[in-house]
Amino acid sequence: MRSVDIEFLYLDRETCGRCRDTEANLLAAIDRAGETLRDQGRSVSLRSVHVTSAAQARALRFESSPTIRVNGRDIAGPLIESPCESGACACADGVIDCRLWSDGEQQLGAPTVGMVVDALRAAAEAAARSEDAVRLEDALHLPGHACAVQVVRRLHDPRRESRH
């Protein structure tokens, strides 16, 4: 069974409403998408990380609190931050701003459950496409198929721009 690896990184889930709400919506999204992912042969692993120092933040490539990564990719899109309400968060007493999430229309203090479900499903689909490309490439590793292997690699390169 292949895994969908989720990391929840945060500075303060005790008093920060954004961290608490993000975690709650993440857990609800895992519950909602979990059965579908299992039906696709995927397991879900969740690792929650309380970031407590600048050194730890650098080592984790932690940009903002809270962060959700699925298979190593931050699901939030472009980084948007703002200060939490006065006294609402212990994230360095206003020295560090907290993340905002965008649903395309408005900025939110936490991602919606649907936003996280969509990210989980997209990660599983991307992993499946990658696995299919590897299987196809393996099948093409026959004499005289070197050109076809290069085409497959280019088609499935995640850095390749979409031409839709």
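Student: Which strand order does the open sheet of 4 strands have?

Tutor: The order is S2-S1-S3-S4, and the pairing is mixed. The model is predicted: local features need pLDDT of at least 70, side-chain atom pairs count only at pLDDT 80 or more, and totals for chains, interfaces and linings use all residues. Residues are numbered from 1 along each chain as its sequence is written, and side-chain values use heavy atoms, with hydrogens and water left out. Strands here are DSSP runs of E with at least two residues, helices are runs of H or I with at least four residues, and both are numbered from the N terminus. Two strands pair if DSSP finds at least two bridges between them.

Student: Which strands stand at the edges of that sheet?

Tutor: Strand S2 (42–50) and strand S4 (73–74) do; each has a single partner strand, so one side of each is left without a neighbour in the sheet.

Student: How many bridges join S1 to S3?

Tutor: There are 4 bridges between strand S1 (residues 2–10) and strand S3 (residues 67–70), which run antiparallel. Leu9 has Thr67 as its bridge partner in S3, and Glu7 stands opposite Arg69.

Student: Which way do the residues of S3 point, and are they buried or exposed?

Tutor: Thr67 and Arg69 point one way, Ile68 and Val70 the other way, and all are buried. Buried means under 20% relative accessible area, exposed over 50%, and partly exposed in between, with a 1.4 Å probe and protein chains only.

Student: What lies between S3 and S4?

Tutor: The two strands form a hairpin with 2 residues between them, and Asn71 in the turn has a positive phi of about 50°.

Student: Turning to charges, how many salt bridges does a search of the whole structure find?

Tutor: The search finds 4 salt bridges, each being a side-chain nitrogen of Lys or Arg within 4 Å of a carboxyl oxygen of Asp or Glu. One of them joins Arg69 and Glu7, whose closest N and O atoms are 3.6 Å apart. This pair links distant parts of the chain, with Arg69 in strand S3 and Glu7 in strand S1, 62 residues apart. Both Arg69 and Glu7 are buried.

Student: Which residue forms a salt bridge with Asp74?

Tutor: Arg99 does, with the closest N and O atoms 3.0 Å apart. Asp74 lies in strand S4 and Arg99 in strand S6, so the pair ties together parts that are 25 residues apart in sequence. Asp74 is partly exposed, at 29% relative accessible area, whereas Arg99 is buried, at 2%.

Student: Over which ring does the charged end of Arg99 sit?

Tutor: It sits over the ring of Trp101, 5.4 Å from the ring centre. The rule requires NZ of Lys or CZ of Arg within 6 Å of the ring centre and within 35 degrees of the ring normal.

Student: What about cysteines: how many disulfides does the count come to?

Tutor: The count comes to 0 disulfides, a disulfide being a pair of cysteine sulfur atoms within 2.5 Å. Cys19 is in no disulfide, and its nearest cysteine sulfur, that of Cys16, is 3.8 Å away. Cys16 counts as buried because its relative accessibility is 0%.
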